[in-house]
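The following note sets out numbered points for a colleague who is reading the structure alongside the sequence.

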Amino acid sequence: MTQRQFVWVGLFGVYLALVNAGCTAVAKDAGFSEVQKAMAGRLDQRVEWNRNTAEDAAVSEAVRQMLQTELGVDETLQIALLNNRNLQATYEDLGIAQADLVQAGLLRNPILSFERRFSGQAAEFDAVQDFVEALLIPLRKRVAGAAFELAKLRVAGVVVSFAVDVRAAFYRLQGAEQMLAMRRAVVDSTEASAELSRRLRVAGNITELALRMEERLASQARLDLATADEDVVELHERLNVLMGLWGSDTAWTLARGLPDLPAREPSAQGLESQAVAQRLDMAAARQDIIAAAERLGLTSISRLVPGGSVGFHYEHEPDPFFSIGPSLHWVLPIFDWGQGAVPRDRAVLRQSQQRYIALAIEARSQVRAAYSRMRTARDRAEFYRQMVLPLQGDILRQAQLQYNAMILGPLQLLQAKQGEIDTGRDYIEAQRDYWVTRTELERALGGRFDNAMANAEVPPATLFNGSAKGGAHIHTDTEVDQ
């Protein structure tokens, strides 16, 4: 083999090596299966990534089938997880992060240069490859890999938070629809009472004042009904957005009535530590520390060897004569040797560590506050159900009897009727608030409340007996991340 042939064979071998290094492809899954695994312990519903496959048509059909039935909270959440476009757009962050990881493992393209001097028919050819970048590929991949893991955790955290938003919106709408049904019943009752009062007034059995007060109550009931109807429309549209629905698909209906409160509440013992351990934003904060440390390691090494390339040089003279030899180019770290880059990355690492501790403290506080709000809302709803509602019913019955016996005037009877309406409204609001605050506790925990609790159950507290706040105390460990 001649020297010229040897040169061309060597260049071809280098070319094949570079092509082989650049043949890395982006995997289709992009880590989504790991997101699905993270959701398995936090949600009862499945999550799917719409990537224009045959399975997506089956998902759309499943959504249409669910919309034909009365939706409970689980069905509503399942539709939202499958159909919300913002959530689907968030999944693309996985593809972006994985593409960055693949890109970090690629060699830079070689630089080829050719020079031809026509006067003397001389020619020069150079092929140069940055070898420093090739040496740093493992470190670059570690940095990109840490960022990829961070992206998966953040995407999973968005899914959990989204699920909480959907559940809270569901319970708000369910409470609003229950309030609307109550307002309709009140309108029917007050209008019937007003009509009866008109007949009694014609017969001379009641005063004009009593009639006008009954009519005033009926008018107020209609105004309240209009407000309740508007609330239902707004909350219905909120769920339309979360479920990604439009057109005829928006004609869905919810299951009637808020669910009853559970008989018992799980214990709060150890909730803080469980939240710190299972919250995905805490895991993302830990991963952010790892990513910052990897970036610092890359910067610390790359500042010492900022750049360098190696290649072949071929020169042909017309006599004929040619020469060939290696070429080496080196970047000298004289002026810039990382005086700013390294301290900056160190500061970012310290910043990530401090933010992790701050987030852990905030998470613990959120759990305590959310648990306290949930227990207070439960106690309030139970108090209305056990004490206020029966008491108000007795008051109205006694007021009606005394009014019929002409012991009470119309004003006192009207006040009793209004009190019953207000009590019914307050009870529905208390019941709704319980379920909404329960979902907010799930946000603070980073997962389902039932799944998070492994300790013995405790009975609910009772308002005004001195133990209403007793269940709100939560054990705090000495270490912030335990």
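1. Helices (H or I, at least four residues) and strands (E, at least two) are DSSP runs, numbered from the N terminus. On that basis the protein chain has 13 helices and eight strands. The model is a predicted one, in which local features need pLDDT of at least 70 and side-chain atom pairs count only at pLDDT 80 or more, while totals for chains, interfaces and linings use all residues. Residues are numbered from 1 along each chain as its sequence is written, and side-chain values use heavy atoms, with hydrogens and water left out.

2. Confidence is given as pLDDT, the predictor's confidence in each residue, from 0 to 100. The protein chain has a mean pLDDT of 79, with 76% of its residues at 70 or more. Helix α4 (residues 73-83) has the highest confidence, at 92, and strand β8 (residues 457-458) the lowest, at a mean of 41. The pLDDT is below 50 over residues 451-478, a stretch with 65 contacts in the model beyond near neighbours in sequence; a contact means heavy atoms within 4.5 Å. Where pLDDT is low, the predicted coordinates should not be read in detail.

3. Of the 482 residues of the protein chain, 42% count as buried. Buried means under 20% relative accessible area, exposed over 50%, and partly exposed in between (1.4 Å probe, protein chains only). Among contacts with a separation of 6 or more, 80% are accounted for by residues 24 or more positions apart.

4. Which residues of helix α2 (residues 32-40) are buried? They are Phe-32, Val-35 and Met-39. These residues lie on the same side of α2 because they cover an arc of only 50° around the axis, the arc being that of the directions from the helix axis to the C-beta atoms. Lys-37 and Ala-40, on the other side of α2, are exposed. The cover over the buried residues of α2 includes α5 (85-104), α7 (137-202) and α10 (280-302).

5. Axes are lines fitted to C-alpha atoms, for helices over the stretch in contact, and angles run from 0 to 180 degrees between N-to-C directions. The axes of α4 and α5 come within 6 Å and cross at roughly 50°. This makes α4 oblique to α5; angles under 35 degrees count as roughly parallel, over 145 as roughly antiparallel, 65 to 115 as roughly perpendicular and the rest as oblique.

6. Helix α8 (residues 208-243) packs against α7 at an angle of about 160°, with the axes 7 Å apart. The two helices, α7 and α8, are therefore roughly antiparallel to each other.
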